[in-house]
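Thank you all for coming.

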Amino acid sequence: MKAEDVTVIDLVGKTSLADAMIIASGRVNRHVASIAESLIEALKDAGLSTPKVEGMPACDWVLIDTGDIIVHIFRPEVREFYNLEKMWGADRPNERLVG
């Protein structure tokens, strides 16, 4: 669905929530919804259990939690506001906590 500005953050050693976080943008609410719906369908088609999904009614920010991977899909201005990349250290890709 042509998600834009996709970033993958390795969470191993940073949290027990998940192993990785994927952050992507959609141009407008409907684009965010289309990306999320396509991903959810692809996960089901791959035989994975139904992920936990939040934010679908408004689609400013949709969170898809598969267990091992958390996917955030934002409208650009919402993504900029929350700046998860900075919070989770995506600007320091080689940094990993020693466990």
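I will go from the overall chain to its salt bridges and then to individual pairs.

First, a word on conventions. This is a predicted model, in which local features need a pLDDT of at least 70 and side-chain atom pairs count only at pLDDT 80 or more, while totals for chains, interfaces and linings use all residues. Residues are numbered from 1 along each chain as its sequence is written, and side-chain values use heavy atoms, with hydrogens and water left out.

The protein chain has three helices and five strands, where helices (H or I, at least four residues) and strands (E, at least two) are DSSP runs numbered from the N terminus. Read from the N terminus on, the order of these elements is β-β-α-β-β-β-α-α. Of the 99 residues, 33% count as buried, where buried means under 20% relative accessible area, exposed means over 50%, and partly exposed lies in between, with a 1.4 Å probe and protein chains only.

Now to the charges. Side chains of opposite charge can pair when their charged atoms come close. A search of the whole structure finds six salt bridges, each defined as a side-chain nitrogen of Lys or Arg within 4 Å of a carboxyl oxygen of Asp or Glu.

Aspartate 5 is exposed, at a relative accessible area of 55%, whereas arginine 79 is buried, at 6% relative accessibility. In the salt bridge between glutamate 85 and arginine 79, the N to O distance is 2.3 Å, and both of these residues are buried.

Let me turn to another pair. The side chains of arginine 75 and aspartate 60 form a salt bridge at 2.7 Å, N to O. Here arginine 75 sits in the loop between β5 (69-74) and α2, and aspartate 60 in the loop between β3 (52-54) and β4 (61-65), so that distant parts of the chain, 15 residues apart, are linked. Arginine 75 is buried, with a relative accessible area of 16%, while aspartate 60, at 29% relative accessibility, counts as partly exposed.
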